[in-house]
Amino acid sequence: MLSSLIVMFNRNYQPLLRAWIIALTLLAMVACALAHPIPDLPVRSYFTDGDKLEIRVEVDPRSFDADPEGRDYLLMGDQELLSSDELEKLHQQADIYVDQRLVFSFKPSSAFKFEFEWQWSKLGDEGEPTMPDDQVVLVGSWKGSVPPGSTAYQVTALEMEEANMGIPLNVMFLNFVNGTQAQRYAVLFPGETSFAFELASLSIGTNPSASPDDQSGIKANSGDWWALFSSEVRRGFVHVVPLGMDHILFVLGVFLMTRKRRPLILQISAFTVAHTLTLWLASAGWVDIPAKVIEPIIALSIVAVAIENIVHPKYSNWRLLLVFAFGLIHGLGFAGVMSTKIDSTSSLVVGLLGINIGVEFGQLAVIAVALIATAGMKDDEKYRNWVVVPCSILIALAGLWWAVERIFFT
């Protein structure tokens, strides 16, 4: 009797239970989704006139909040309404924030602490003129000289347990010599230390009388390129899994249309080509569309693919065109998150190649998990009724919520 009940349950209800476990998992993921990702933490160091140095750190003031992703970006118009006491408090919070996340070191000396002066700048365009509706960040600046006898300079991104506040951030370590960006830069995850930026080869600090035109040390070798490429692969992956919840849901929406190999590969390929194209164009500065326009469209693209899954049960070439079009928009979304400006063309090419491969790995990981989770459901009709439709409804609701939030509350 018991064995008969178990067989009946497995045959009739286990697929339904599995389907709703998948659906509820998606709902839980949506509940903790990142609506407004915190940008990377750039550290730019400018070496000039032998031993002169300026260090600039860019901080998003939303990072001071206990739930920074749930906060809207601060606009220039809002910042101008703050009192002098409120501005001073933000500057103090920025000092604490940097102290808890970064350690600056000159070799062979010990760590150095800098007193930064803070000003407001447009997000992703440090030093550019701002308009009232521009998203802004705090840029801290310190000016001085390289400590005498220094041979190298590096930055450490502190572990989050040590920092004890906020969320994990990538630290971007960029260096400039007499106005030219060094080709190698670093993307640091919490707990990592950058490469040692050699100062002796640049005639900095140890030999300030040398010609400022000698910039041979800012070029990268093969080992530098590999380190840069691998770090950007990791950054691209992380910006999809686990941080890119809207991109994850879009990929799942694409997957739910069909599990057949050829149309699935065609859709993922179209999406990859499209977002790669616009990510490269935006990063090169040829396309510039505000995040307040891109983010709602990304949310609506999620709604569109999910609704089509419900309304049109069969794959068609129209679907391929739709996925490609929305892929162009998602590429601009990736560019918005990875907004740190790279002036070196060689670094930009290597970095973007790594980011794109990382993003692709992230998408393939999502597809792989979805394939494994649904592998036991062989009945196409039950799969559609118990997985495709309920999961697409949840995905559409999540996208609709994000669209409303980004249009009316951002």
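Let's count ring partners: this predicted model has 15 aromatic pairs. To describe a pair of aromatic rings, you give the distance of the centres and the angle of the planes. Some of the rings gather into a group: Phe 47, Phe 106, Phe 112, Tyr 153, Phe 173, Phe 195 and Phe 197 make up one aromatic cluster.

| Charged residue | Ring | Distance to ring centre |
|---|---|---|
| Arg 234 | Phe 189 | 4.0 Å |
| Arg 259 | Tyr 383 | 3.7 Å |

In the Arg 234 case, it's the charged end that sits over the Phe 189 ring, while Arg 259 lies over the face of Tyr 383.

Now for a helix. Helix 7 covers residues 245–257, and its 13 residues should span 18 Å at 1.5 Å a residue. The C-alpha atoms at its ends are 19 Å apart, so the model agrees with that expectation. Is helix 7 largely enclosed or left open by the rest of the structure? It's largely enclosed, because 13 of its 13 residues are buried.

Zooming out, the chain has 12 helices and 11 strands. It runs to 410 residues, and 50% of them count as buried. If you take the contacts between residues at least 6 apart in sequence, 77% of those join residues at least 24 apart.

Note on methods:
Residues are numbered from 1 along each chain as its sequence is written. This is a predicted model: local features need pLDDT of at least 70, side-chain atom pairs count only at pLDDT 80 or more; totals for chains, interfaces and linings use all residues. Side-chain values use heavy atoms; hydrogens and water are left out. Helices (H or I, at least four residues) and strands (E, at least two) are DSSP runs, numbered from the N terminus. Buried means under 20% relative accessible area, exposed over 50%, partly exposed in between (1.4 Å probe, protein chains only). Contact means heavy atoms within 4.5 Å. The expected span of a helix is 1.5 Å times one less than its number of residues. Rings of Phe, Tyr and Trp (its six-membered ring) pair if their centres lie within 6.5 Å; planes under 30 degrees apart count as stacked, over 60 as edge-to-face and the rest as tilted. A charge sits over a ring if NZ of Lys or CZ of Arg is within 6 Å of the ring centre and within 35 degrees of the ring normal.
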